[in-house]
Amino acid sequence: MSGAPNALTARQRLELRAAGILAALPPRLQVLLSGRPPVIVDGQRLEPEMQLTLALLERRGAAPVEELTVEEAREATRRQSAISSGRPIPVGDSKDLWIDGVAGPLPARHYAPVDEPGGRPPLIVYFHGGGFVVGDLDTHDGLCRMLCRHSGAHVLSVDYRLAPENPFPAAVEDATAALRWAQAHAATLGADPRVVAVGGDSAGANLAAVAAWLAARSGEPVPAMQLLLYPAADATARRRSHELFGEDYFLTSKQMDWYLGHYIRGGGDLTDPRLSIVLADDLSGLPPALVVTAGFDPLRDEGEAFAAALREAGTPVVLRRFPGLVHGFARATGVSRAARDALVEVAGATRALLAVARAQAGAAPADERLAA
């Protein structure tokens, strides 16, 4: 398997070129082209690139996710990601592989960083977002490449089972199995087995946090750190950010209801920490966390509530809000310089936290090499 996403169609190449041109326009012109005055909500100003992108999506008139079939929603996500993520950036190497899941092998993609001195780099087990219903290795290829390139870590992107075909807790089971597999096989991937982290965006951040929590509760080895991009942390409540940003800012309340309805098909207790990790009785013993939120995201407040709960439980937490960005910005690096800069910053912070974890674990000797 090649480890690369499918080639762009001619139309996608054209749209990608147009997106690049629009992203390079002066901010004032981007706001003018959006047809609206600068958007300021809750003391935050929406980034001009985001404002123009949202306006263009609205003008395109595509059906909202909740009006699509599951397969239509998945295909729409693939098309959108092919444009918004931009052209793939190079990494040291990438390849597709299979890892052990609960119900059978899971597709995964391994990204290796460019060789650097200092021994084997850390490994990040990454779970993609998409409401547990959409998303795959290709939709998050650009994000994982950026993370690998700028964090200096190996990245193992995991294609866990999706709902509604595999409702809750299938994705959680796959996430915990993937973490165990990565901890056992990190060395064969060329990574330091003592520094295996978890990460994810949105629903994937939920899975990363839950996998870390379950490892701590079961007495298994916990990850070196948690990278949580705008995590879905509470399925029971709608906080103020839901009221402010539940419409018109990419992720809507109706979409979230659609995703959750598919994920808990057949019923589920929304207070279950595997659904609402912020409600867990005991969040102690978890690894350091980098929690990233977006100012114009309905999930903003629950993500920040989870960061506060982790900190209260004694977990070291770095919380970074990007006030002018929207949910999903880490996959919009091809249409927004602000989104790209934000993801580079996040990857740099991840590099720093992993360096601390590595120092605490004891760095692997520089001349130690295992064949992949």
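Predicted model: local features only at pLDDT ≥ 70, side-chain atom pairs only at ≥ 80, totals over all residues.
Colleague: Happy with that. What makes a set of residues a nonpolar core?

Modeller: The members must be buried Ala, Val, Leu, Ile, Met, Phe, Trp, Tyr or Cys residues joined through side-chain atoms within 4.5 Å. Buried means under 20% relative accessible area, exposed means over 50%, and partly exposed lies in between (1.4 Å probe, protein chains only). The largest such core here has 66 residues, and F127, L207, Y263, I277, L283 and F306 touch the most other members. Helix α7 (residues 203–218) gives the most to this core, with 11 residues. A second, separate core has 47 residues, including A19 and V155.

Colleague: Which residues is F306 in contact with, leaving aside its neighbours within four places in sequence?

Modeller: They are A209, L228, A233, I277, V278 and L283. Contact here means heavy atoms within 4.5 Å.

Colleague: L228 is in a strand, I see. How do you know that both faces of β8 are covered?

Modeller: Helices (H or I, at least four residues) and strands (E, at least two) are DSSP runs, numbered from the N terminus; β8 covers residues 226–229. In a regular strand the side chains alternate between the two faces of the sheet. In β8, Q226 and L228 are buried on one side, and L227 and L229 are buried on the other.

Colleague: And why do you say that β8 pairs with β7 and β9?

Modeller: Two strands pair if DSSP finds at least two bridges between them. β7 (residues 196–201) and β8 have four bridges in the parallel sense, so the pair meets that requirement. Four bridges also join β8 to β9 (residues 289–296), again running parallel. As landmarks, V198 stands opposite Q226 in β8, and L228 stands opposite V291 in β9.

Colleague: What makes the crossover from β7 to β8 right-handed?

Modeller: The term applies if, with the strands pointing away from the viewer, the path from the first strand over the helix to the second runs clockwise. Here the chain crosses from β7 through α7 to β8, and this β-α-β crossover is right-handed.

Colleague: Let's turn to charges. Why is R109 with D96 called a salt bridge?

Modeller: A salt bridge needs a side-chain nitrogen of Lys or Arg within 4 Å of a carboxyl oxygen of Asp or Glu. The closest N and O atoms of R109 and D96 are 2.6 Å apart, so this pair qualifies. By this rule the count comes to 22 salt bridges.

Colleague: Are R109 and D96 buried or exposed?

Modeller: R109 has a relative accessible area of 3% and D96 has 17%, so both count as buried. R109 lies in strand β4 (residues 105–112) and D96 in strand β3 (residues 93–100). These strands pair in the antiparallel sense over eight bridges. Six of the eight residues of β4 are buried, so β4 is largely enclosed by the rest of the structure.

Colleague: Which residues are linked with D96 and R109 in a network of salt bridges?

Modeller: D138, D141 and R145 are linked with them. The side chains of R145 and D141 meet at 2.8 Å, N to O. Because R145 and D141 are four residues apart in helix α5 (residues 141–151), about one helical turn separates them. R145 is buried at 8% relative accessibility, and D141 is buried at 2%.

Note on methods:
Residues numbered from 1 in each chain as written. Heavy atoms only, no water.
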